[in-house]
Amino acid sequence: MSHAVARLRDERLARSLKPFHARGSRTLRCLRCRVAASHCLCAWQPQVTAQAGVCLLMHDIEPLKPSNTGWLIADVVPDTRAFGWSRTAVDAGLLALLADPQWQPYLVFPGEYAGAERVVEAVAVEPGRRPLFVLLDATWTEARKMFRKSPYLDRLPVLSLSPEALSRYRLRRSKRGDHLCTAEVAALCLEQAGDHRASAALDAWLDVFSDHYLAAKTHRVPDLQDAAHLRLAGFRAQC
Ligand SMILES: [Zn+2]
């Protein structure tokens, strides 16, 4: 099964003039989960539904990085779309998605970078519409540039995750440090939208992905009975 980020990776690779070499690129990776084949986690793929959708706007090589966590969102949230970002052009598919009345888009970004009139701290979806979380998937420096230089995003409300929501989330995940990765931001958004099961599945998927990814690097065998795997098992696809 291919998803939006996998398709974006393939398009990006097809456009490359020279081959992309990820760090550790001599490793034989599973094409589906991107982890070393010896540590493949595809058998653990969760399956959930979600009312909300996610629209990833991805900086140039982001879809090519094996550690990119936007990919994990596309694994879990059925309605995930992904577009490459460029300063000079905008994908017509992205504009069509943002204009589609079934979706109510929110640009997820810290409120201090936007005019106060655009900033909201909670999701309030109109009847008959579904929330669409637009996430800028990039390094922080790149994301700020994308935020400033994408005029088609200027009309969207900016969903600024409140410090309380962020600290509750950090506490729940025993997370140190300020920076949340894209998948964590998406999990928080899903929770805000009432998609609690999808939010928890995404957190569990991220934990097991990170464990397998690091285990592969350090030649450790993942413990399939640990808390993270047990949590994820509750969301696994029935086969
Ligand atoms: Zn795999």
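Reader: Hi! Quick one to start: which residue just after α5 takes a positive phi?
Author: That's Ser-174, with a phi of about 45°. Keep in mind that this is a predicted model.

Reader: Thanks. While we're at α5, which of its residues are buried?
Author: Helix α5 covers residues 163–172, and its buried residues are Ala-165, Tyr-169 and Arg-170. They sit on the same side of α5, because the arc they cover around the axis is only 130°. As background, an α-helix has 3.6 residues a turn, so residues three or four places apart point the same way.

Reader: And what does the face turned away from that buried side carry?
Author: You'll find the exposed residues Pro-163, Arg-168 and Leu-171 there.

Reader: What covers the buried residues of α5?
Author: The cover includes two helices, α6 (182–192) and α7 (196–217).

Reader: Let's stay with α6 then. How many of its residues are buried?
Author: Nine of the eleven, so to speak a mostly covered helix. Among the buried ones are Thr-182, Glu-184, Val-185, Leu-188 and Cys-189. After α6 comes Gly-194, with a positive phi near 90°.

Reader: Nice. Changing topic: what is the strand order in the sheet?
Author: The open sheet has six strands in the order β2-β1-β5-β3-β6-β4, with parallel pairing. At the edges are β2 (80–84) and β4 (119–120), each of which pairs on one side only.

Reader: Which helices pack on the sheet, and what do they touch?
Author: One is α1 (residues 4–15), which touches β1 and β2 and whose direction makes about 20° with that of β2. Another is α3 (residues 92–99), in contact with β1, β2, β3 (103–108) and β5. The direction of α3 makes about 140° with that of β2.

Reader: How many bridges are there between β1 and β5?
Author: Six, in the parallel sense, between β1 (residues 53–58) and β5 (residues 130–137). If you want to find the pairing on screen, Gly-53 stands opposite Leu-132 in β5, and Val-54 has Phe-133 as its bridge partner.

Reader: What about β3 and β5? How many bridges do they pair over?
Author: Five, again in the parallel sense. There, Trp-103 stands opposite Arg-130 of β5.

Reader: Is β5 mostly covered or mostly open, and which way do its residues point?
Author: Strand β5 is mostly covered, with eight of its eight residues buried. Arg-130, Leu-132, Val-134 and Leu-136 point one way, while Pro-131, Phe-133, Leu-135 and Asp-137 point the other way. In general, side chains in a regular strand alternate between the two faces of the sheet.

Reader: On to the metal. Which residues coordinate the zinc ion?
Author: Four cysteines do, each through SG: Cys-30, Cys-33, Cys-40 and Cys-42, at 2.3 to 2.4 Å. Their spacing in sequence is C-x2-C-x6-C-x1-C.

Reader: Where do Cys-30 and Cys-42 lie?
Author: Both Cys-30 and Cys-42 lie in the loop between α1 and β1, so the pair ties together parts that are twelve residues apart in sequence.

Reader: Why is the arrangement around the zinc ion called tetrahedral?
Author: Because the four donor atoms subtend angles of 100 to 116° around the zinc ion. For reference, the ideal angle for four tetrahedral donors is 109.5 degrees.

Reader: Last one, about Arg-12. Where does Arg-12 lie, and what does Arg-12 touch?
Author: Arg-12 is in helix α1. Leaving aside residues up to four places away in sequence, Arg-12 touches Asp-60, Ile-61 and Leu-64. Arg-12 counts as buried, because its relative accessibility is 15%.

Reader: And how far apart are Arg-12 and Glu-62?
Author: C-alpha to C-alpha, Arg-12 and Glu-62 are 9.8 Å apart in space, and they are 50 residues apart in sequence.

Conventions: Residues numbered from 1 in each chain as written. Predicted model: local features only at pLDDT ≥ 70, side-chain atom pairs only at ≥ 80, totals over all residues. Heavy atoms only, no water. Buried < 20%, exposed > 50% of the residue type's maximum accessible area, 1.4 Å probe, protein only. Helix = DSSP H or I, 4+ residues; strand = E, 2+ residues; numbered from the N terminus. Arc of directions from axis to C-beta. Contact = heavy atoms within 4.5 Å. Pairing = 2+ DSSP bridges. Axes fitted to C-alpha atoms, helices over the stretch in contact; angles between N-to-C directions. Donors = N, O, S within 2.8 Å, 3.2 Å for Na, K, Ca; no water. Tetrahedral: all angles 85-135°; square planar, octahedral: opposite > 155°, others 65-115°.
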